[in-house]
Amino acid sequence: MLTHFGVRLLLATALALFGAATSGANLLYLIDGMLWSILIAAWWWCGRNLRNIGARAVFPEQVFVDTEFPLVVFLKKETGGPAHFLKLRSPNREASLAVLNKGEENAVAIPAVLPRRGLNEIGDIWLESDYPFGLFRRRRRVTGLVGLVFPRVFEIFGRQASPAVRAEEISLPRRGAGEDFYGLREYGNGEDARLINWKLTAKTGKPLIKEYAEQVGNRITITVEDAEGPDSERQIAEAASLAKYFIDAGADVRLRTPEATVAFGHGLIHLGLIFKTLALLGRGKTVERFEKPLPKIKSRAFPEEDPLSPFAYLTVMIAFASMFLIEELNPLVLLGYAALFPFAWLCDRKKRYPLPRLAFDLFASLYLLFFLFVDLPWAGSLWAVSRLVLFILAYLLFNPKTGRAPAQLLTAAFLIFFLASGQALSLWYFIFFLAFFLSAGAWMIDRRDPRPRPRRPDWGRSLAAVMGTATMLAAGAFIALPRPYSARMQQLLASTGLTRFQLSMRNFSGMSEQVELGYLGPIRKNTARVMRVTLAGAETTSPPDFLRVRGAAFDYFDGRRWQKSRVSFSYQMSGRTIQSRRTMAWMRREKGMIYGPEYDPQKPSREENFVIYPLLNTNLVFFAGAPGAIETNFPGSFFDFTDTAYFPGAYPEGTRYRVLSQGPEPDFSRSIEKYEDLLQTYFLQLPGPNERMRRLAVQFAGRAESPRAKAAAVATRLRDGYSYSLAVAYGRQDIDGFLFESKAGNCEYFATAMCLMLRHLGIPSRLAVGFLSTEWNAYGNFFDIRQSDAHAWVEVYLPEAGWTTFDPTPPDFTQKGPVSLIARVWTALNQQFEALQFRWYRYVVGYDTYTQRNFIYNLVRKIADAFVSILIGLTALAAAVLLFLKWKSRGPRHAWKPSRKKPEDFYETLLNRLGRAGFPRRPSQTASEYAGELGAAHPELIPIAGLADRHYDLRYAGRALEESERAGIVRASNEIAASARRLKRRRKRIFVKGIGK
Amino acid sequence: MTSPIKRIIMEFMKKIDALIGNIRKVFVGDPEVVRLVVVALLARGHLLIEDVPGIGKTLLGVALARSIESSFRRIQFTNDLLPSDLLGMSIFNPRESTFSFKPGPIFSHIILADEINRTTPKTQSALLEAMNDLQVTVDGGTYPLPDPFMIIATQNPIEYHGTFPLPEAQLDRFLLRVKIGYPSAENEKEIIRGHDLYQLASRLDPVLSPAEVSALQDQVDGIRVDDALLGYIVALAAETRKTKGIKLGVSPRGSLLLRRASQAHALTYGRDHVLPDDIKRVAAPVLTHRIVIESQSFGLLRIHESDTIIHGVLERVPIPL
């Protein structure tokens, strides 16, 4: 049953789902998955908490109808871990128990009332628990509580018994010359004046007579004539009352009923017997179940909490600290806010607060106005909302934590954490994520612990187990939750204004105009997806190992950056010669298709579908081979003399197009007129004479003769002799520095160096930039291309083949030996972290429907492939679990366990062996009691008594174990253990035989 | 190899055996009850025998008293018994014009306080000082009681009319509360065979002198108690304090006396060390009357409930091997 708090968490879950679905932020999916999992785990653990608890009730021996009595219920946790926060509940009362350890029996007394005479089963006692977090309240009926209820007993004075109940041989007590006080009455006319009690008369002012009861007789028979009829209950109650009265008066009483008689007797035991007989008369013999429906529990979602749990501060602090992950917020301002916590804690300790509540409320209203009318419109929602939650936090921290404040504090902490989750990207988030939920869980348990503080939190293991389950479920939920991401959703998002909270990655818009040395370094650290290339046809079944997506190429290098020369040229298109408009050579467009100058409809072409994500803000046409034709919504497309294709406008919102490529390299050179001149003019340009580089180029080229061989030689030497590094900052290192000093750099350095060296050798070449992806998605038949895939390489013009791609960048990321061990370890750690961060971005932050389906697709395929090995693995696992369980259920554990086994501990060893053979010693049994019990049950085991005596001698009498008797003891132990095992086997056989019948 | 204490114990073992044997000549009931009586004597404790009438409470007291060569008084407690009837009083001596103290029946080694709950709280509390400090203060004078001194009190839990239940403080003064229980069929046949057991008890031959009893009592403190067993005693006491159904657990005095009683119990078996079994055996008689249970019941039922609870405690606390 969901509690108020559970409903709130459900609402929070819905909120997280809405936020996640509309923004597509995966960290919100993570939170949502966690919240669902916590709900499920809490529900399961709540039930588990109640499982395996045996209940046994002890009725007091004197229970009367309609009279409240303490019902003592012994609860015992049979197996499993300890149970926490148990409540025993009857319709109007409850009793609680903070912890019930395994094997421990604890008595809980709960007041109960039974309305019916005779044997009753109490059916309305419930065992209830809302452990661990108070999200669910589950209950189990405690059954089998059967007890005997005595009939109602009332004062017999002044009552007339019904004719069916007779107390014979005496008359009812009456006033007379007894000793017991009977009553007072007013003096009537004509009575003997000596009866007047003068003391009382003087007190009251009117003549009073004090009367005494006459002594009753000695032998009484009480008869009940009718035990079944409609009037029987009243008769039985009267009989019980009479019996009580006469027994109290010291008489011998006999009971006669249609069903049973009780002989004369006196004293309380006799009275008990009479009561019991009366209780069992008629309908009293049959056990009836008595139950009342439990009233609906009206418990507040958040009972007060005073003082605030330390975990409350921790939770709020973690939520607050997670705000440091929002890159847009100024960490210094946040640090300033952090000073609130010690102050607030001090305030709570001293119960003195800086401002009265009223002043705070006034201030809060003013702030709200400021937020609505100034901050939100002017500063933007992220800033304004961050300030607002910080203000709320301060407001809550600096006011007394009474009433609903803990609930508000938890809500505020959750909102802050939620806000941070929508904004954060870093891997550190994951640590905050775990810490936040763990701490909040600890808070929720701690605040519901009924024991007074200070207390030992003994639920740590249990919390770890619950949160462990929840985290595992959350991982599953994160993977499995559908990611609806559509234009409609986007619009919904836009209408909520949440777009402003979206991923705040820098747009990636370089590449088209110029590329600076070192520019790709920082870009490559970002794994955001920029485009997705779907391949069709045969390549879907055997995808290439990698996909090289070309963007632009550059001809002019000024020493720092690559640029394009502005060149006009003429080109052949559909048999006509066309002059480029300035640098732009427009392609032919027909019915949505744009045809390149060399498109041949007869030639086979490869189909590449490009989806460009909004992050990529450029007007380049990317393609993976030679662009023959492009299918797009753009009205046209043009290329320039570096074979770079463009759309007429940028596509900031993302777009999609299809490329039919014919051939491996983009090369329009055959269509361009006077290409030889262009080659000579632009593709051999050098930033200036550089003799050192020329010599190096000659040295690298070695004895190679053809341009192809030379280019290959230079690429090989660069790949082998230089190392890859992303550590080179933008513009810090020029190309000489790369070639002669550091010998480390990222891809532009390699490509630039190779390009320049080839030009020194007189081979026309140019720098090309684009992406190199290896991330094949088998489910969707596409390559995912991320910012980190950005790459630069060299295109070399070979007379016999045209433009040909060479990639001088070493494929490996490893660096060559740093100097010191510390540096090496640091680098290794850094790389590990980067790799982790990379995976975090790729698989968590950038998780989407395709990745999801790809994951499941691959999983299913792998499972199908590895079916046999998985079967073997599962069998091994099951065997291991069975062994573990067997090991766990071995002999008894002892409270006083010696640290080291000595020869003197033979008895304990023997006990362990006997325990494994099925004869465990109860922890409360002494050695000789155990020996006696075993010996009585199984004569073969009688010798154990002798060993127990020897053990006592060694343990308590201070005798030492002599060498001579050691062998005897070992022999005797072995014999006993062997007989015990035989007995166990025999017992099993008997059992099996019994089943056979 | 035998330690000095062991030698002394072996010497006295015969005496203890003789004492037990002597009592069993007339008391044909559970031999364990007889042993508990001897335990109370050795531990310098007082004994409260509580059970239904007619199963030999008084007989047991008389038999013990007669088996020791000591002064013995039986005092029938009634509701008009006054403290001075018990302790004695100062009487004016006209010849010397002084008050001289005339000792009451309490100045004996062994007192059988029969039906102790029949007398008024005033008289009951007069026993307090005597039981605790082994001395009596009357009219400003303090008079030591003979050594050994032991009170064997009996009470009948069934009849509660005209009785004054013993207050907790008084109950705490008794080392052991013993239930005798109904005899077995065999034993009952023995009882009714026709011998006047009470007469027989009054004529028992003493087997121990007061000095020997004192010497035996001195040995009790020397019986070794292992540290783990002390831990067990403490664990038992702690358990009574946290057990549901017990309003008031065992006091440290209770734990102390449990240790003493265990030592005496070990001594009755001629051992110089305490075994876990000793503690377990004496725990119920030592502890049941020291706890206050949460129950509305009274009489024998209440005793029975306390017993059940203490046995539950013994079942729950793990015992050192």
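Which side chain meets that of Asp66(A) in a salt bridge? The partner is Arg152(A), at 3.5 Å from N to O; a salt bridge here is a side-chain nitrogen of Lys or Arg within 4 Å of a carboxyl oxygen of Asp or Glu. Asp66(A) sits in the loop between β1 (53-58) and β2 (69-77) of chain A, and Arg152(A) in the loop between β9 (145-149) and β10 (165-168) of chain A, so the pair ties together parts that are 86 residues apart in sequence.

Before going on, a word on the model: it is predicted, local features need pLDDT of at least 70, side-chain atom pairs count only at pLDDT 80 or more, and totals for chains, interfaces and linings use all residues. Residues are numbered from 1 along each chain as its sequence is written, chains are lettered from A and ligands numbered from 1 in the order in which they are written, and side-chain values use heavy atoms, with hydrogens and water left out.

Let us stay with charges for a moment. Over all chains, the count comes to 46 salt bridges. One of them pairs Arg922(A) with Glu315(B) at 3.3 Å, N to O. Arg922(A) lies in the loop between α24 (906-916) and α25 (927-937) of chain A and Glu315(B) in helix α13 (residues 299-316) of chain B, so this pair joins two chains. Helices (H or I, at least four residues) and strands (E, at least two) are DSSP runs, numbered from the N terminus.

Strands count as paired if DSSP finds at least two bridges between them. Six bridges join β3(A) to the antiparallel strand β4 (residues 94-100) of chain A, and a hairpin of four residues connects β3(A) to β4(A). Across this pairing, Leu86(A) stands opposite Leu97(A). β3(A) also pairs with β7 (residues 126-129) of chain A, antiparallel over four bridges, with Leu88(A) and Leu127(A) as bridge partners.

Finally, look inside. The largest nonpolar core has 99 residues, and Tyr907(A) and Leu258(B) are among those with the most contacts inside it; such a core is a set of buried Ala, Val, Leu, Ile, Met, Phe, Trp, Tyr and Cys residues joined through side-chain atoms within 4.5 Å. Helix α2 (residues 31-42) of chain B gives the largest share of this core, nine residues. Apart from this core lies another, of 92 residues, including Leu27(A) and Trp443(A).

Technical notes
Buried < 20%, exposed > 50% of the residue type's maximum accessible area, 1.4 Å probe, protein only.
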